[in-house]
Amino acid sequence: MENSFPRFTVHMEEVALKEKRKGKRVVVSASERVSMLPPYLFAQIDRQKEAALRKGMELIDFGIGDPDLPTPEHIVREAMAAVQDPANHRYPRGEGSPFFKEAARHWMREQFGVAVDENLDVGAVIGTKEGIAHVPNFFCNPGDIVLVPNPGYPVYRASAILADAVPVDLPLLRSNDFAPDIGAIAGEVLASTRLMFLNYPNNPTGAVLTLDQMKEIVEWARREDILIVSDNSYSHIRFDGRPPASFLQIPGAGDVCLEFHSLSKTFNMTGWRIGFIVGGTKLVRTFMGAKENIDSGVFTAVQKAGEAALRSNIAGYFDIYARRREILVEGLQKLDWDVCMSPGTFYVWVKLPRETQSMTFAKKLIAHTGIIVTPGSGFGTYGEGYVRFALTIPEDSIHQAIGRLEQKELFSHRIKAWLKKGMR
């Protein structure tokens with residue numbers, strides 16, 4: 001059969017030429033939704049990093065929260081064996097293989113005391129970022145309000161925009177220990193609210209919620225008929241001695257809650273792209289049913305690796321982050337930096353002096369010390385005036401960073417002058 005593509009291409013070129021002669025512009029532009037997306041968080045920082053590298057500066061990168069520790073060997077071995085099995089080279093099951101789903105049920109039962117029975121269900125996702133990004137598309141109609149934590153992970157806001165929903169800030173304030181104040185949400189906002197994103201332990205602030213706070217939120221969501229989307233990616237990274245928590249520990253939460261669990265941070269598997277969703281059976285099946293129209297599921301060999309991870313004993317695994325956190329916090333506090341002592345995640349959230357813009361601070365910090373931090377403004381308007389340090393670098397590098405700050409005498413009462421004049 002004759003290939004019609006060349007003839008079609010020639011036709012379109014002729015149309016474009018005719019339009020050009022008429023004085024019209026022929027431009028394919030992005031949708032209005034895409035134009036509403038905020039700029040990439042690290043674009044300016046990346047340019048500053050490149051400039052520092054050109055000067056031969058050695059960088060210390062506290063920026064992106066990508067674990068520097070390798071994936072545990074037993075997980076890698078399981079994946080290698082699974083890759084060599086031709087049976088795993090075909091399309092995977094969209095909702096997740098039975099062995100992976102059973103491992104996820106085991107994880108929920110062992111780690112949180114949550115029995116995934118007929119009232120709850122689980123499904124595999126290609127990393128929680130991918131899963132979270134789908135939720136507003138699957139559960140919101142155009143114009144529905146999505147409550148977005150501010151400061152918060154940028155994907156929450158972006159996913160609402162791409163679904164033609166309306167993101168509305170849910171302020172996380174230091175005065176409230178960075179917990180949401182649901183009582184402060186206006187009635188007219190609640191009337192149109194479809195879902196609310198929450199992330200505890202929290203990125204970027206490190207805050208955690210108590211079970212009493214979670215219970216209050218679940219009861220409120222049931223009254224207001226609002227879907228809670230819980231991003232529990234940092235569930236086990238906390239330093240207050242308390243066990244990990246899940247919204248699904250609250251009786252009746254499955255009716256109004258979808259919770260995402262990631263293997264990326266817990267098992268150093270960021271590049272593997274695997275996690276799972278758990279929640280009320282109807283909610284999970286709605287989500288997975290819609291998702292099957294978009295992708296073909298998680299590679300079965302990666303699910304085998306995920307199964308090995310979810311059945312692992314991870315006790316004591318996070319002592320490395322605890323030690324790094326102790327070194328960084330002690331070093332910054334000796335320099336009179338205002339560290340927010342939140343007990344969760346592998347991030348340290350630091351308040352800058354009044355009227356100090358976080359992007360300006362971050363760019364000057366790179367230029368003068370080679371230290372990279374994430375400006376709080378990239379997480380939302382309420383993140384302005386803060387910066388985030390990620391504990392994903394070795395202890396020696398953290399000691400070196402503190403030494404550089406000490407050499408430059410960046411005490412808090414001198415920062416404003418340094419920002420205006422530069423360090424000498």
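How many aromatic pairs does the structure hold? I looked this up and found 16 aromatic pairs; rings of Phe, Tyr and Trp (its six-membered ring) pair if their centres lie within 6.5 Å, and planes under 30 degrees apart count as stacked, over 60 as edge-to-face and the rest as tilted.

I noted that this is a predicted model, where local features need pLDDT of at least 70, side-chain atom pairs count only at pLDDT 80 or more, and totals for chains, interfaces and linings use all residues. Residues are numbered from 1 along each chain as its sequence is written, and side-chain values use heavy atoms, with hydrogens and water left out.

Entry on Phe178 and Tyr386. I found the ring centres of Phe178 and Tyr386 6.3 Å apart and the planes at 75 degrees, so this pair is edge-to-face. Phe178 lies in the loop between strand 4 (166–171) and helix 8 (187–192) and Tyr386 in strand 13 (residues 386–390), so the pair ties together parts 208 residues apart in sequence. Phe178 is buried at a relative accessible area of 3% (buried means under 20%, exposed over 50%, partly exposed in between, with a 1.4 Å probe and protein chains only).

Entry on Tyr347. I recorded the rings of Tyr234 and Tyr347 as edge-to-face, because their centres are 5.6 Å apart and their planes at 65 degrees. Tyr347 is buried, with a relative accessible area of 4%. The charged end of Arg388 sits over the ring of Tyr347, 3.9 Å from its centre; this term requires NZ of Lys or CZ of Arg within 6 Å of the ring centre and within 35 degrees of the ring normal.

Notes: Helices (H or I, at least four residues) and strands (E, at least two) are DSSP runs, numbered from the N terminus.
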